[in-house]
Amino acid sequence: MKRTNELIVALAVLAVVTVITWGLFAVGDNMPRGVTPFSQSVYQLHNTVMGIVTVIGILVFTAMFTSVVVHRKSKGYEPAKFTHSTKAEITWTTIPVLILIVIAIPATTVLIDMEDTGGAEMNVKITGYQWLWKYDYIEDGISFFSALDRESNRARQIGSGIDPRDVDNYLLEVDNRLVLPTNTRIRFLLTADDVIHSWWVPDLGWKRDAIPGMVNEAWTYIEEEGVYRGQCAELCGKDHGFMPIVIEAISPEDYRRWVEEQNGTAATDPESHPSFVGGNDSADKDEDTTAVVDLDIVASDQG
Ligand SMILES: [Cu+2]
């Protein structure tokens, strides 16, 4: 009997240590904290849920291993024969429901915050193409295409002889970066011109599909200056892996200066961009998308 007790203790400790280590590992090698208040709340939510599941894991695994080892058949234990227990059923229904409610409250708060795109100080329309992005700064009248940078593009060709490890930010650099001001509430309007793409920069804390004929909304408020990288996150064709996203967040003053430098820049035709490959039947689609992303939408939503 003494041995059994030792075994119980040993297994319980093992289970606890294993689960805690795993939990710490998960927190240490965690999702990015991001650079916006929203990405911080996503990060906090993630940690809260991770904490809850860690505690559940400790309880479940300790109970499970202890009963499997200590109450095994070879020791002469007989299985219980009862088939119904109202008490047990009420318990195992009530506890999980309470846990789900505890998780649902902060999760819903974060989701509602994500959907609230009101109060924007500026609007950027993002259009996905096979395989590049187009950015329209609605108020500042700037628009340009953003495609994989030349160096990555050269290195990725079969037989290029270039070692990708020698290329800085291989497949994560673009020719024209999306320049955005910090400490500004920015609304994004996302759409696509050919197939479904998805605009994803992990540091912003969200990912949004860019769908032809539809406009999805998202918002951000970047607090730290810096360069933030992302990629298309919806398999959109053979070059899906070659349409990165790069944000360059600069101070509002530098942003105004940048806008003045860009004055008059307006890209209209994706086919004029060397990276544009699609466009086989784009003539009427072009019109559709333009109609949907009419500036009226922007104006009416702002009030
Ligand atoms: Cu894509």
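Reader: Tyr135 and Phe144: buried or exposed?
Author: This model is predicted, so local features need pLDDT of at least 70 and side-chain atom pairs 80 or more, while totals for chains, interfaces and linings use all residues. Residues are numbered from 1 along each chain as its sequence is written, and side-chain values use heavy atoms, leaving out hydrogens and water. Buried means under 20% relative accessible area, exposed over 50%, partly exposed in between (1.4 Å probe, protein chains only). By that test, both Tyr135 and Phe144 are buried.

Reader: How many aromatic pairs does a search of the whole structure find?
Author: Rings of Phe, Tyr and Trp (its six-membered ring) pair if their centres lie within 6.5 Å; planes under 30 degrees apart count as stacked, over 60 as edge-to-face, the rest as tilted. The number of aromatic pairs found in the whole structure is 11.

Reader: What kind of aromatic pair do Tyr135 and Phe144 form?
Author: Their ring centres are 6.0 Å apart. The planes stand at 65 degrees, and the pair is edge-to-face.

Reader: How many residues apart in sequence are the parts that Phe144 and Trp258 tie together?
Author: These two rings also pair edge-to-face, because their centres are 6.3 Å apart and their planes at 80 degrees. Phe144 is in strand β3 (residues 142–146) and Trp258 in helix α5 (residues 252–262). Helices (H or I, at least four residues) and strands (E, at least two) are DSSP runs, numbered from the N terminus. The separation in sequence is therefore 114 residues.

Reader: What is the arrangement of the four donor atoms around the copper ion?
Author: His197 (ND1), Cys232 (SG), Cys236 (SG) and Met243 (SD) coordinate the copper ion at 2.1 to 2.6 Å. Donors are N, O and S atoms within 2.8 Å of the metal (3.2 Å for Na, K and Ca); water is not among the atoms, so sites may look incomplete. Four donors count as tetrahedral if all angles lie between 85 and 135 degrees. The angles here run from 96 to 126 degrees, so the arrangement is tetrahedral.

Reader: Which strands hold His197 and Cys232?
Author: In sequence, the copper donors follow the spacing H-x34-C-x3-C-x6-M. The pair His197 and Cys232 ties together parts 35 residues apart, because their strands are β6 (residues 197–201) and β9 (residues 226–232).

Reader: What relative accessibility does Cys232 have?
Author: His197 counts as buried, because its relative accessibility is 0%. Cys232 counts as buried too, because its value is 6%.

Key
Tetrahedral: all angles 85-135°; square planar, octahedral: opposite > 155°, others 65-115°.
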